[in-house]
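Work through the following exercises with the sequence and the coordinates side by side, and compare each step with the solution given.

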Amino acid sequence: MIVIDGVIWQSEGFFRSYTVDQSQIWLSLIAEWLTSKKSTELVILTRGQTWLPPGTFFTEIPRFSFEEVEEDRVGLQSICDQLKAKLFISTGYTTPLSTPSVAFVYDLEVERGSQFQSEYLEKKNSLLNAVHYVCFSDVIKVGLQEYYPGIPSDHISVVYPAIGSWARPASANLTAEFRRKYKLTRPFFLAVIPEQIVDYRGIQALSQAWELMQGQKLSRTELVFAFPSSVNVDPAKAQMPQANGLHYLSLTNAELACAYSASLALIAHDTFRAESALEAMACGCPVVSYRDDRSGTKQSHLRSSETLASTLLCQGSLQELAEALVQIQTYQVRTPLISKGLERAKGFSWPVMAEQLWEIFEQVTAEQHLAV
């Protein structure tokens, strides 16, 4: 039996990642495992949470609190013992006392902050007690090994999140209606911002490079920063750049598909939403990957080197980014990138991701059984 702690669905939002939608990932994975007839092999621990796919086996447990961490671990171990769990998995960073656990590493934002905060201490405890690790990108794996050098490389698996089924080329009628709704009268570039903005470097750099390009070209373009539909943004209060032709839009997934399909290019940056590059590729949108000089990192913020190869890479100054925005508009540059992107996006589906993870769970369970 595999036990999955649904702590991520607590309304307080413990352990929420700024870069990936954990709720969507886990709901989609559970649905896939149910479809593949694995429902009798897993139990979800609920903590007063959201909807679960029909047919999910679950049991209610007390809500998580940082003030009662030790009691939570004892309770989780008691549940694992009752269910004869072979493996424990947390949607956040909770952990039992002794049942082998697989830790999912979504990002390393907590490690970059204070090492005395409760969230860091609990995450560190969870990672140090895990027997295997799943990262959602190559760069997260590298960062994990930097922060936790004692973790063996062969105990870390990289599994790339799937692309939502909504990410597909939108029809001409839908994109035209999208343009009319948001008064986008000129060709536009697009960047997709995560739900929680913790770093404004990308927004500042792209808006400045876009203004530089505007001064170099006779034809004018617009720039769209898209947010999830649940986020209402006041650019002035947030002290974001403002200029004619610059838009901040809260979009649904269906509208985001239209934005990808209609835009000149998506701009990817390590402060933007990580999954947006592959979503754009699936919609037939070329991607410019910009690495900021000031970031000091040699690692790509995209999921893998193969994905990076399907983009127009720009690494350097704002002037170079402005020139990349000009290049991506030419037929010779954008057409091959669109073809590469569409092909690259085909390999990222929920059934594929769910099967990869289940194979990891079975392998880890077998290894733990032999180690006993």
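**Exercise 1: the surroundings of a helix**

Helix α1 is mostly covered, with 10 of its 14 residues buried, where buried means under 20% relative accessible area with a 1.4 Å probe and protein chains only. The model is a predicted one, in which local features need pLDDT of at least 70, side-chain atom pairs count only at pLDDT 80 or more, and totals for chains, interfaces and linings use all residues. Residues are numbered from 1 along each chain as its sequence is written, and side-chain values use heavy atoms, without hydrogens and water.

Task: state which residues of α1 are buried and what covers them.

Solution: The buried residues are Q22, S23, I25, W26, L27, S28, L29, I30, W33 and L34. Their cover includes β1 (2-5), β2 (42-46), β4 (87-90), β5 and α12.

**Exercise 2: the packing of two helices**

Task: describe how α1 and α12 are arranged.

Solution: Begin with the axes, lines fitted to C-alpha atoms over the stretch in contact, with angles from 0 to 180 degrees between N-to-C directions. Those of α1 (residues 22-35) and α12 (residues 350-371) come within 9 Å and cross at roughly 80 degrees. The two helices are therefore roughly perpendicular, the class for 65 to 115 degrees. Next, list the contacts (heavy atoms within 4.5 Å): Q24, I25, S28, L29, E32 and W33 in α1 meet W350, P351, M353, A354, L357, W358 and F361 in α12.

Conventions: Helix = DSSP H or I, 4+ residues; strand = E, 2+ residues; numbered from the N terminus. Parallel < 35°, antiparallel > 145°, perpendicular 65-115°, else oblique. Buried < 20%, exposed > 50% of the residue type's maximum accessible area, 1.4 Å probe, protein only.
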